[in-house]
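User: I would like to learn how to read helices, sheets and loops from a model of this kind. Could you take me through some cases one at a time?

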Amino acid sequence: MSREAMEFDVVIVGAGPAGLSASIRLKQLAAAAGRELGVAVIEKGSEVGAHILSGAVIETRALAEFLPDWRARGAPLVTEAKEDRFLLLTAKRAFRLPTPPQMHNKGNYIVSLGNVCRWLAKEAEKLGVEIYPGFAATEVLYDESGRVAGVATGDMGIGRDGAKTDHYQQGVELRAKQTLFAEGCRGSLTKTLFERFHLRDGVEPQTFGIGIKELWEVDPAKHHPGLVVHSVGWPLDRRTYGGSFLYHLENNQVAAGFVVGLDYRNPYLNPFEEFQRFKTHPAIRPGFEGGRRIAYGARALNEGGFQAIPKLTFPGGALIGCTAGFLNVPKIKGTHGAMKSATLAAETVFETLGEGEGRGEPLRYAERLEQSWLWHELRGVRNIRPAFRWGLWAGIAYAALDTYLLRGRAPWTLGYHPDNLSLKRASASREIEYPKPDGKVSFDRLSSVFISNTNHEENQPPHLRLKDPEVAIAVNLALYDAPEQRYCPAGVYEIVRDAGGEPRLVINAQNCVHCKTCDIKDPTQNIVWVPPEGGGGPNYPNM
Ligand SMILES: Cc1cc2nc3c(=O)[nH]c(=O)nc-3n(C[C@H](O)[C@H](O)[C@H](O)COP(=O)(O)OP(=O)(O)OC[C@H]3O[C@@H](n4cnc5c(N)ncnc54)[C@H](O)[C@@H]3O)c2cc1C
Ligand code: SF4
């Protein structure tokens, strides 16, 4: 049976800052040129913002370029960053260090990025953009000449056994002259495009971090709106890249989070537990005491920067935002890069639509990007993250040298190794014993996932697929003591043993918060994350 199809000029996959900014810019250009333009955005979350998780302190530069009157339009950017603190933690003490220049936040805003996206979606709809939340794009469509020609949404109502259920609804084709992929970090369709169009040839492998976040309502006496705190050091060992953030926003809320570089080596490391332990530090714990945790979630972020940016275009479309990788790691900010890349792509796509059939490759996007402030910004900091592979002290020393003396103009560019290759064998690693949660400032994973409001239709094919089920035991368990049990922030993976002691990997896919860490960190890339039925996953209120 042929699928229902809808036709647009541009289809955008993902309603994050990149996808929504591109949609707005396209409609602005069409209005200025007096042209009709059909633009659709599809989003796998149940509503716009449901799957958005970020810090977030954001820079407004890119936003102001395409919506200069964002304030008058009621953008939810209300808490200006006022004070930065940068701490080095040891097990018992906290030392205040000078804040690195990239981490100065004066003029930036502390926001819920989910709420910023909800507002951007309203602005987009006012301009006539059609937004379809609750639909996951599961397939890229190609025309007879091999150009990208849109995407298809997944069928709904397919049971775990692959048979149609009573709720069966066939997926829909969203056909377009140009398709923009704005899936965020580790986009699943983007991965297929990397392969088909060899977009990663000649660039460094992407490297990632996992960010785990909680939203707290704290005692008003301990709340300092506009305060931005970052820490490095304890509880991580000196070889592991990462650190914490504490952002005081409005309404007595503090966004607390912890990022661990996914190039970590010890298979016993558990990023969730590192975060829980961080909150028990004597200098940190008092800030949470008397408060209430109101939300939890996790998401991977790109750390590869400039040298890991792939080729961005192919016939019929382009990659924008974090699915390509425009995050500035020393700043821990990707929103402005997502918005800037999106608007530059939109401008190019708009031109391309006016040429011939409008289905060509929007090649000038890369040129525009290379001439932009974003390119200059990312190029200047490209060596800072890779220098941390030599450890915390060498990383800090190199970062200072690069920033103050070389000023980002070093004649070399440091590279990366893929994160899935960094784990040492369990037999050569130290087991890590984590303290039990106290239920006051530290918690367990299951009660955490509960407040991410994660929900999936249970009767559906698994969206966490093992290329070879045997590998889970023969390689992951045998060599690395099944690290997926620990790196998954939602406790999805469990090794259980039958009466005879035979181990088996159980995948509790319904708990998945769509962070994509397993797709990145699995040592043999045996775990493949594919989008589940649209609308499934976390329902973050304001992350
Ligand atoms: C813990 C953490 C802290 C951060 N802190 C900051 C910060 O303080 N400041 C800052 O500027 N940046 C920060 N970032 C980075 C910032 O969040 C990202 O750079 C930004 O969200 C990227 O925007 P995007 O639109 O490219 O992708 P995303 O925001 O990830 O949005 C992608 C959207 O696409 C949807 N989607 C994906 N695949 C599909 C599909 N196949 N079909 C349909 N929909 C799909 C997703 O559900 C999502 O809504 C942080 C990130 C993390 C994880
Ligand atoms: S199953 Fe994978 S994508 Fe889902 S929460 Fe766990 S690590 Fe993240």
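Predicted model: local features only at pLDDT ≥ 70, side-chain atom pairs only at ≥ 80, totals over all residues.

Analyst: Before the first case we need one cut-off: a residue is called buried when its relative accessible area is under 20%, and exposed when it is over 50%.

User: Which residues of helix H13 are buried, and why do they lie on the same side of H13?

Analyst: The general idea is that an α-helix has 3.6 residues a turn, so residues three or four places apart point the same way. In helix H13, which spans residues 471–480, the buried residues are Val471, Ala472, Asn476, Leu477 and Tyr480. They share one side of H13 because the arc they cover around the axis is only 140°. Ala474 and Ala478, on the other side of H13, are exposed.

User: What do the buried residues of H13 pack against, and what follows the helix?

Analyst: Their packing partners are strand S21 (464–466), helix H14 (484–487), strand S22 (493–497) and strand S23 (503–507). H13 is followed by Asp481, which has a positive phi, near 55°. A second case of the kind is helix H9 (residues 373–380), where Trp373, Leu374, Trp375, Glu377 and Leu378 are buried, and where the buried residues pack against helix H2 (61–66), H7 and helix H8 (364–370).

User: How should I describe two helices that pack together, such as H1 and H7?

Analyst: One gives the angle, the distance between the axes, the handedness and the residues in contact. Helix H1 (residues 17–33) and helix H7 (residues 335–353) pack at about 35° with their axes 8 Å apart, and their crossing is right-handed. On the H1 side the contact includes Ala18, Ala22, Arg25, Leu26 and Leu29, while on the H7 side it includes Ala338, Met339, Ala342, Glu347 and Phe350. Sorted by class, this contact of H1 with H7 has 13 nonpolar, three polar and two charged residues.

User: Turning to sheets, how are the strands S3, S7 and S4 arranged?

Analyst: Strands of a sheet pair through backbone hydrogen bonds, either parallel or antiparallel. Here the three strands form an open sheet in the order S3-S7-S4, with antiparallel pairing. Strand S3 (57–58) and strand S4 (79–80) are at the edges with a single partner strand each, so one side of each has no neighbour in the sheet. S4 pairs with strand S7 (residues 109–110) over two bridges, and Thr79 stands opposite Ile110 in S7.

User: What is the strand order in the open sheet of seven strands, and which helix packs on that sheet?

Analyst: The order is S6-S5-S15-S16-S17-S14-S18, and the pairing is mixed. Strand S6 (94–97) and strand S18 (292–302) are the edge strands, each pairing on one side only, and neighbouring strands are turned by 20° against each other on average, with direction ignored. Within this sheet, strand S5 (residues 83–89) pairs with strand S15 (residues 227–233) in the parallel sense over seven bridges, and the bridge partner of Glu83 in S15 is Leu227. Helix H5 (residues 271–278) packs on the sheet, where the strands it touches include S5, S15 and S18, and its direction makes about 40° with that of strand S14 (208–217).

User: Finally, where does His198 lie, and is it buried or exposed?

Analyst: His198 lies in the loop between helix H4 (188–196) and S14, and it counts as exposed because its relative accessibility is 51%. Its C-alpha atom is 9.1 Å from that of Pro310, although His198 and Pro310 are 112 residues apart along the chain.

Key:
Residues numbered from 1 in each chain as written. Chains lettered and ligands numbered in written order. Heavy atoms only, no water. Buried < 20%, exposed > 50% of the residue type's maximum accessible area, 1.4 Å probe, protein only. Helix = DSSP H or I, 4+ residues; strand = E, 2+ residues; numbered from the N terminus. Arc of directions from axis to C-beta. Contact = heavy atoms within 4.5 Å. Pairing = 2+ DSSP bridges. Axes fitted to C-alpha atoms, helices over the stretch in contact; angles between N-to-C directions. Left-handed = near helix turned anticlockwise from the far one by under 90°. Nonpolar A, V, L, I, M, F, W, Y, C, P; charged D, E, K, R; others polar.
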